[in-house]
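Good morning, and thank you for making time for this presentation. I would ask you to keep the sequence and the model in view as I speak.

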Amino acid sequence: MAEPPFGLLAELTYRCPLSCAYCSNPLNMADYTDELSTEEWQRVFREARDLGVLQCHLSGGEPLLRRDLAALVGAASSLGLYTNLVTSAVGLSRVTAQRLRDAGLDHVQISIQADQPSLSDRIAGIPSFQRKVDAMRVVKELGWPLTVNIVLHKRNIDRVAELLEFAAEAGADRVELANTQYYGWAWQNRDALLPSRAQLEAAEQVVRAASYDLDVLYVVPDYYSRYPKPCMGGWASRQLTVTPNGDVLPCPAAQSLPLPRASVRSSSLASLWADSPVMNAFRGTGWMPEPCVSCDRREVDFGGCRCQAFQLTGDAARTDPVCHLSPDHALVTDAVAAANTSVDLPLVPRPHRARS
């Protein structure tokens, strides 16, 4: 029997005013335009609480584009869920922030693209840097804990020291330095985004030497790891994701896999978590091929990321090619070798989609 999940990632919308080339949201945006209503999300939150969920992360796309965001925060908060807004901060005015504060929002995570206005705006695709700075100031003035999230890649990883200084000056309590995960638009731009080994080593030295009063999470790129990371702590073991149209997934990237769809519009969250084929596809270790099934790390990394295995090999049940024991590991070493050349490739930006 499946243990209850700890966290719910509620992807309220995939609409977003930015056009970041590393976005991991789906390419097939048209499949997600029929967004769950306010009432449907409220039911999802109730069922999540009953299932054992403690944390509710309100994300997207850009969740601030939902006009009912304050009502959704209030619904989740009234159920006793810890609420975290994951946002670009474009649209987080003082008035909006105060409404969310009054509704019970517990935490705010704001993404930045760079510490320099021109570079940040160029990566985001629109002038947004100053709005992010202003929003961070409002967040701290209203007394929220603030996490600053920075997706690292070839275009900004050389400025890790400046990024940490920026976050500290903004009053951040926590900083996530998360190297790009190659799904969605990021997969389309992998060769232009993957940093070199020299860039990565220099960034690690900066992070180790940092002395700011910050909780710093530094996520190394999978492609440079000897072993893969565990897939969300194990497939469908701790977290679940609900997409804008109601699909239930074990992780945000699993929409890319050729698995049967399961929706909160047709079944309860409890039954989907326990019994749906998508949740049970790679639970535990029974599905594993060699070398995973014989490996003493099989209950440590659970064979790695199923979505990454599918992106690289076309088969979600294969050993994650990031692992040096994988028979497909050359797919990763070839990509790393290409990243360590001096060629700068153009980025393909994600299209703007701020309206339905």
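This is a predicted model: local features need pLDDT of at least 70, side-chain atom pairs count only at pLDDT 80 or more; totals for chains, interfaces and linings use all residues.

Residues are numbered from 1 along each chain as its sequence is written, and side-chain values use heavy atoms, with hydrogens and water left out.

I begin with the backbone. Gly 61 belongs to the loop between β2 and α2, and the peptide bond joining Gly 60 and Gly 61 is cis, with omega about 10 degrees. A cis peptide bond also joins Glu 290 and Pro 291, where omega is about 5 degrees. Pro 291 lies in the loop between α11 (277-280) and α12 (306-313).

Ala 89, in the loop between β3 (82-87) and α3 (94-103), has a positive phi near 75 degrees, although the residue is not glycine. Ala 236, in the loop between β7 (215-219) and β8, has a positive phi of about 50 degrees, and again the residue is not a glycine. Are these alanines buried or exposed? Buried means under 20% relative accessible area, exposed means over 50%, and partly exposed is in between, using a 1.4 Å probe and protein chains only. Ala 89 is buried because its relative accessible area is 2%. Ala 236, at 3% relative accessibility, counts as buried.

Next, helix α1. This helix covers residues 38-51, which makes 14 residues, and its first and last C-alpha atoms are 20 Å apart, close to the 20 Å expected at 1.5 Å a residue. The expected span is 1.5 Å times one less than the number of residues. Among the buried residues of α1 are Trp 41, Val 44, Phe 45 and Leu 51. Which elements cover the buried residues of α1? Contact means heavy atoms within 4.5 Å, and the cover includes β1 (7-11), β2 (55-59), α2 (69-78), β8 (239-242) and α10 (269-275). After α1 comes Gly 52, with a positive phi near 115 degrees.

Ser 111 is in strand β4 (residues 107-112), and its relative accessibility of 18% is why Ser 111 counts as buried. Leaving out residues up to four places away in sequence, Ser 111 touches Thr 87, Ser 88, Lys 132 and Asn 149. Glu 176 is in strand β6 (residues 174-179) and is buried, with a relative accessible area of 15%. With residues up to four places away in sequence again left out, Glu 176 touches Gln 109, Thr 147, Val 148, Asn 149, Ile 150 and Leu 217. The C-alpha atoms of Glu 176 and Val 216 are separated by 6.1 Å, while the two residues are 40 apart along the chain.

I turn to the aromatic rings. Rings of Phe, Tyr and Trp (its six-membered ring) pair if their centres lie within 6.5 Å; planes under 30 degrees apart count as stacked, over 60 as edge-to-face, and the rest as tilted. How many aromatic pairs does the structure hold? There are six. In one of them, the ring centres of Phe 129 and Phe 166 are 5.6 Å apart and the planes are at 40 degrees, so the pair is tilted. This pair links distant parts of the chain, since Phe 129 is in helix α5 (residues 129-141) and Phe 166 is in helix α6 (residues 160-169), 37 residues apart. Both Phe 129 and Phe 166 are buried. Elsewhere, ring pairs link Trp 235, Phe 282 and Trp 287 into a cluster.A charge sits over a ring if NZ of Lys or CZ of Arg is within 6 Å of the ring centre and within 35 degrees of the ring normal. The charged end of Arg 306 sits over the ring of Phe 282, 5.9 Å from its centre. Likewise, the charged end of Arg 283 sits over the ring of Trp 273, at 4.7 Å from the ring centre.

Key
Helices (H or I, at least four residues) and strands (E, at least two) are DSSP runs, numbered from the N terminus.
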